[in-house]
Amino acid sequence: MSKKDGSKRIVIDYQSLNNQTVKNNYPLPLITDLIDNMESKRIFTKMDLWWGFNNVRIKEGDEWKEVFTIYIGSFELTVMFFGITNSPATFQAMMNEIL
């Protein structure tokens, strides 16, 4: 797949992996609950979460599940990418634990 500037973009099809994955349904917090919770807080910070899921490491030993192959060889991912079934739920669970 090509980008607007003509350079190539890597596209990985996770359909097979996602079909075999047990889904982790993790509820997203309601904005109103977050705002109500901030009422008693005194210190605030700003976090750059632009690369969100790419901050979540894949469990050691499970890297083989997210291998992709191109003409120069195969590569195992060490962080979660977009398109993997449980990425949003895992990221939200991580953020709740941190905060």
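**Stop one: the largest pocket**

Select Leu34, Asn37, Met38, Phe44 and Leu99: of the 15 residues that line the largest pocket, these lie nearest its centre. Two elements, α2 (31-38) and α3 (87-98), each give two or more residues to that lining. Helices here are DSSP runs of H or I with at least four residues, strands are runs of E with at least two, and numbering starts from the N terminus. The space in this pocket comes to about 550 Å³.

A word on terms. On a 1 Å grid over the protein atoms alone, a pocket is an open set of points where a 1.4 Å probe fits, with protein on both sides within 12 Å along at least five of seven lines; lining residues have an atom within 4 Å of a point. Points are joined across faces, edges and corners, and the volume is the space filled by probe spheres set on them.

Now colour the lining by class: you get nine nonpolar, four polar and two charged residues. Ala, Val, Leu, Ile, Met, Phe, Trp, Tyr, Cys and Pro count as nonpolar, Asp, Glu, Lys and Arg as charged, and the others, Gly among them, as polar.

You are looking at a predicted model, in which local features need pLDDT of at least 70, side-chain atom pairs count only at pLDDT 80 or more, and totals for chains, interfaces and linings use all residues. Residues are numbered from 1 along each chain as its sequence is written, and side-chain values use heavy atoms, with hydrogens and water left out.

**Stop two: the second largest pocket**

Next, pick Leu17, Thr21, Asp62, Lys65 and Glu66, which lie nearest the centre of the second largest pocket, out of 19 lining residues. Both α1 (15-20) and α3 give two or more residues to this lining, and the largest share, four residues, comes from α1. The volume is about 390 Å³. By class, you'll find six nonpolar, eight polar and five charged residues.

Stay on leucine 17, in helix α1. Skipping neighbours within four places in sequence, leucine 17 is in contact (heavy atoms within 4.5 Å) with Lys65 and Glu66. Its C-alpha atom is 7.9 Å from that of isoleucine 84, 67 residues away along the chain.

**Stop three: the core**

Show Tyr14, Phe53, Val56, Ile58, Phe68, Leu77, Met80, Ile84, Phe91 and Met95, the ten residues of the largest nonpolar core. Such a core is a set of buried Ala, Val, Leu, Ile, Met, Phe, Trp, Tyr and Cys residues joined through side-chain atoms within 4.5 Å.

Zoom in on isoleucine 58, in the loop between α2 and β1 (67-70). With 10% relative accessibility, isoleucine 58 counts as buried. Beyond four places in sequence, isoleucine 58 touches Glu63, Glu66, Leu77, Thr78, Val79 and Met80.

**Last stop: confidence**

Finally, colour by pLDDT, the predictor's confidence in each residue from 0 to 100. The chain's mean is 81, and 100% of its residues reach 70 or more. Among the elements, α3 has the lowest mean (80), and strand β2 (residues 73-76) has the highest (88).

Note on methods: Buried means under 20% relative accessible area, exposed over 50%, partly exposed in between (1.4 Å probe, protein chains only).
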